[in-house]
Amino acid sequence: MGKGVSVVLMIVVLMAVSVGSQQAGSRQQSVQSHVVPLKKLSKLAMDKRFETVSGDPAKEGAPFVIRIHAEAGYIIMPHTHPVDENIVVVKGSWALGMGERFNRDTLEPMEVGDYGFAAKQMTHFALSKSDTIIQVHGIGPFTTQWVVPVYELTDKGVLLKTSASDPGRPTPTNPDGCFILKLGTPVRGSYGEGVVVGAQCTPGELTQYRVEKRDGERFWAQRDELNAP
């Protein structure tokens, strides 16, 4: 085989290797990159309101991205996180406030694209002014600890919860007179009318009721915001 032919063969081999490497790199890149579209999650259980977009929020020292879905009127009572919380509204209208007691007057409104920040261990609260999705990112572990334990009225009875991830433990049926309205009570509020399907109570502060409309949509309201239909 002549020297010229050898050189040509070597060039062909190198070109094939280069193309193969580029294709492999392209395949690897397509696997590593991904897009997570917004989801519409209806009739959410209270412990199923968030989805993990990236990473593991429970892993210490690891970055994470989650999305939290909240129904119109829902009040997130004062709580803390062990790490910094970076918040971006991606759907709806949100409001953020700082302090150990919920106070509407100190809420700062947040619309789509707005960014909010709560430093680790800083007590804060929020209000979902409409059906809302917020995207939270930070460095784990990310947990939510209520300042005052929350009583939750469910079809399984009343549960006491100390954190957002706490499954709760059964308690007396109406602690501290929290729940005036019962499940199935027909009501009307500013978001429409329906029946009570759940409630949350922070003793000494407020009780809010979860209402399901005929079309399946749900909203939250306090007792003085609800009337008989």
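**Exercise 1.** Is Glu-71 buried or exposed, by its relative accessibility? Determine also which salt bridge Glu-71 forms and what parts of the chain the pair ties together.

*Solution.* The structure is a predicted model.

Step 1. The cut-off for a buried residue is under 20% relative accessible area. Glu-71 has a relative accessibility of 13%, and therefore counts as buried.

Step 2. The side chain of Glu-71 meets that of Arg-210 in a salt bridge, with an N to O distance of 2.8 Å.

Step 3. Arg-210 has a relative accessible area of 6% and is buried.

**Exercise 2.** Which salt bridge does Arg-104 form? Classify both partners by accessibility.

*Solution.* Step 1. A salt bridge requires a side-chain nitrogen of Lys or Arg within 4 Å of a carboxyl oxygen of Asp or Glu. Arg-104 and Glu-225 meet in such a bridge, at 3.4 Å from N to O.

Step 1. Arg-104 is placed in the loop between strand 5 (94-98) and strand 6 (108-110), and Glu-225 in the segment after strand 16 (218-222), so parts that are 121 residues apart in sequence are tied together by the pair.

Step 2. Arg-104 is partly exposed at 39% relative accessibility, and Glu-225 is partly exposed at 35%.

Step 3. The count of salt bridges comes to six.

**Exercise 3.** Which side chains make contact with the side chain of Glu-51? Describe the setting of each partner.

*Solution.* Step 1. One partner is Lys-39, whose side chain meets that of Glu-51 in a salt bridge of 3.7 Å, N to O. Lys-39 is in the loop between helix 1 (3-32) and strand 1 (50-55), and Glu-51 is in strand 1, with the two residues twelve apart.

Step 1. The accessibilities of this pair fall into separate classes: Lys-39 is partly exposed, at 45%, while Glu-51 counts as buried, at 10%.

Step 2. Another partner is His-69, whose side chain makes a polar contact with the side chain of Glu-51 at 3.0 Å. His-69 is found in strand 2 and counts as buried at 5% relative accessibility.

Step 3. The C-alpha atom of His-69 is separated by 6.0 Å from that of Phe-50, although these residues are 19 apart along the chain.

**Exercise 4.** What is the strand order of the open sheet of five strands, and which strands stand at its edges?

*Solution.* Step 1. The order is 1-2-9-4-7, and the pairing is antiparallel.

Step 1. Strand 1 and strand 7 (115-118) each have a single partner strand, so they stand at the edges and one side of each has no neighbour in the sheet. From one strand to the next, the twist averages 25°.

Step 2. Within the sheet, strand 2 pairs with strand 9 (residues 132-139) in the antiparallel sense over eight bridges. Arg-67 stands opposite Gln-135 of strand 9.

**Exercise 5.** How many residues line the largest pocket, and which strand gives the most to the lining?

*Solution.* Step 1. The largest pocket has a volume of about 600 Å³. Its lining consists of 33 residues, and those nearest its centre are Arg-49, Phe-50, Thr-144, Ala-164 and Ser-165.

Step 1. The elements that contribute two or more residues to this lining include strand 2, strand 3, strand 8 (124-128) and strand 11 (157-163). Strand 10 gives the most, with three residues.

Methods:
Residues numbered from 1 in each chain as written. Predicted model: local features only at pLDDT ≥ 70, side-chain atom pairs only at ≥ 80, totals over all residues. Heavy atoms only, no water. Helix = DSSP H or I, 4+ residues; strand = E, 2+ residues; numbered from the N terminus. Buried < 20%, exposed > 50% of the residue type's maximum accessible area, 1.4 Å probe, protein only. Polar contact = N/O pair within 3.5 Å; in protein donor to acceptor, adjacent residues only side chain to side chain. Pairing = 2+ DSSP bridges. Axes fitted to C-alpha atoms, helices over the stretch in contact; angles between N-to-C directions. 1 Å grid on protein atoms, 1.4 Å probe; cavity = no way out; pocket = protein on both sides within 12 Å on 5 of 7 lines; lining within 4 Å. Points joined across faces, edges and corners; volume = space filled by probe spheres on them.
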